[in-house]
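Please read the following points alongside the sequence and the model. Each point takes up one part of the structure.

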Amino acid sequence: MTEQERNELAELLFPNITKTKQYYEKKYPERKIKKGAMVTRFGPSPTGFVHMGSLFGAFCDYIFAHQTSGVFYLRIEDTDQKRSIENGIDGIFNDLEAFQIIPDESAKSKGNYGPYIQSERTEIYQTYIKDLIKKGLAYPCFMTEEEINTIREEQEINKTKIGIYGHYAVDRDLSLEEIKEKLTNKEEYVIRLKSPGNANNEIEIIDCIKGKLKFPEHDMDTVLLKKDGTPTYHFAHVIDDHLMHTTHVIRGDEWVSSIPLHIQLFDLLEFERPKYAHTAPITKKENGTIRKLSKRKDKEAKVSYYEEVGIPIEAVKLYLATILNSNFEEWYINNQNKKLEEFQFTFDKMAIGGTLFDLDKLNNIAKTYFSHKNGQEIYEETLKYTEKFDPKYHQQLKANKEDMIKFLNIEKDGPRPRKDISKYSEVKEEFSYTIDEIFEQENYQKYDGTKTYDISLALDYVSNTLNLNVENDQWFQEIKKYAEQHGYAKSPKEYKQNKEAYKGHVGDICEALRVMITGRTKSPDLFSIMKILGKERIKKRIKLYQKYTNQ
RNA sequence: GGCCUGUUGGUGAAGUGGCUUAACACACUGCCCUCUCAAGGCAGCAUUCACGGAUUCGAAUUCCGUACAGGCUACCA
């Protein structure tokens, strides 16, 4: 085809495209950012929610852009209708907002490089396609699904590479007349790349994470524009990331095998190639096999899951940071008071192989997170959580604010703060003894021990000896003395040495009080609990215990 | 089938030819501390880096082959 024929073809195919490549190049000029600043993008399909793996990607984008004073933008990739659901975009924004991974530019905020939704960029893609056709680098292909299937079957039998390339690309050299004829017959077509590559040539690219990668040169006539005039991922990626001036394409490593295609497109269009960073997938082990985390099968793949079960999103982010850079964890242990954004993340500390999603580790991180929060903070955050997920408990928390904060603050001030909860949802269960209303209702259901305790001794102690206005150490000295006076050893050691001489030891008295007061054998510091409750409530609980055990 | 990538304890991993008798963290086990629990302290947990070969004075680290795993091979992203 001559140049003139190609121009005619381009006009025939895209009569409505009047803008030019130059127009867009001028409309979206180079970004004014400092040298070394990264421009990254997160490109989800509007499926309604963000997958854990995507969130990880978005987190990378956000971190790298921000720590280099660059730009992190969000582009909705909705070129496939099947992947889109109604209000799907809102879901994406909600999830990102929950994690405070807010894009600098997106369909919902400002930005000079929009539209940030691919379905609104059709004209742009077609402008570049038109140009490619004029240059003889793309062509309309009229092959039907059946024809393509036949070719694939043939290729499978011959054990050759599968795809449309070389002599399999039958429409590659159609004459203008032939195309015109098919067009008048209303034959449907796609636009394919006329790949100039040769698979015998080896190309090499440097991936920021995976390092040096070698591939055969791309030689497939890949579809660029679908039958409906929308672009495929490959073409949209190249056009968008060029026009939006992305410097670093951070994406899942399922894309590594299309690198040769993508760089070929960048070269053919005379665009500067971006840097690529392909991240390892987050995986899950099930029945001995490892697979990618699946949003259909795995509840923990859905980002909203963490909010629902009450794992603080900060903890999830901390976990993401530990898998992002292997040396983050150690840094954070030594810099607990710093924000994770202060850590210098680098590509070369990112995992190359898949990472198994470790809920144990997340739990541990969450526990540590809680341990650094004081009672007031935990109270307020739990209040927020319960407002949405446990309204009844929410009301009870509100009604018992003063007490709750004190309870949540027990053993929090020392150098070794308590580490007992990992989720907001655990507060209710873990602190069930703190609110009278709940305690009276459930009372000793949680204590399933068969052992019963000396009620009169407990009552005597509380009424006549217990002094709540002292420090913890003094209280313990006093209860030791009390134990001794009533035939108990003042320490377990002494008791063990001469069991016959005693009825038991201080610990037994404490245990009795603990069970009567909290309804369980395990609790935070007993004296602190007693202090908050006060003598009258303690006595009430002992009576409740008496009633419960029919004594 | 073809192409690509990966493989270090139960888990995440450090490791870039000698400092590695393989760091650190999670999990697990035991002991200590202790009124219970949590926390904390101490100790244990890969004599070996999927396997085989090669290069080298020396390899988890380089090269080749094999096995296994994952990805791609769509008018899905």
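1. Ala138 is buried, because 26 other C-beta atoms lie within 10 Å; a residue counts as buried if 20 or more other C-beta atoms, placed from the backbone, lie within 10 Å of its own, as exposed if 12 or fewer do, and as partly exposed in between. Ala138 belongs to strand β3 (residues 138–141). Strands (E, at least two residues) and helices (H or I, at least four) are DSSP runs, numbered from the N terminus. Leaving aside residues up to four places away in sequence, Ala138 touches Ile129, Leu132, Ile133, Ile191, Arg192, Leu193, Lys194 and Leu224, where contact requires C-beta atoms, placed from the backbone, within 7 Å.

2. A word on the source: this is a predicted model, in which local features need pLDDT of at least 70 and side-chain atom pairs count only at pLDDT 80 or more, while totals for chains, interfaces and linings use all residues. Residues are numbered from 1 along each chain as its sequence is written, and chains are lettered from A and ligands numbered from 1 in the order in which they are written.

3. Most residues other than glycine have a negative phi, and most peptide bonds are trans. Ser69, in the loop between α3 (52–67) and β2 (71–74), has a positive phi near 55 degrees. Ser69 is exposed, because 11 other C-beta atoms lie within 10 Å. His245, in the loop between α8 (233–243) and β8 (248–252), has a positive phi near 60 degrees. His245 counts as partly exposed, because it has 18 C-beta neighbours inside 10 Å.

4. The peptide bond from Gly114 to Pro115 is cis, with omega near 0 degrees. Pro115 is found in the loop between α4 (88–98) and α5 (122–134).

Note on methods:
Two residues are in contact if their C-beta atoms, placed from the backbone, lie within 7 Å.
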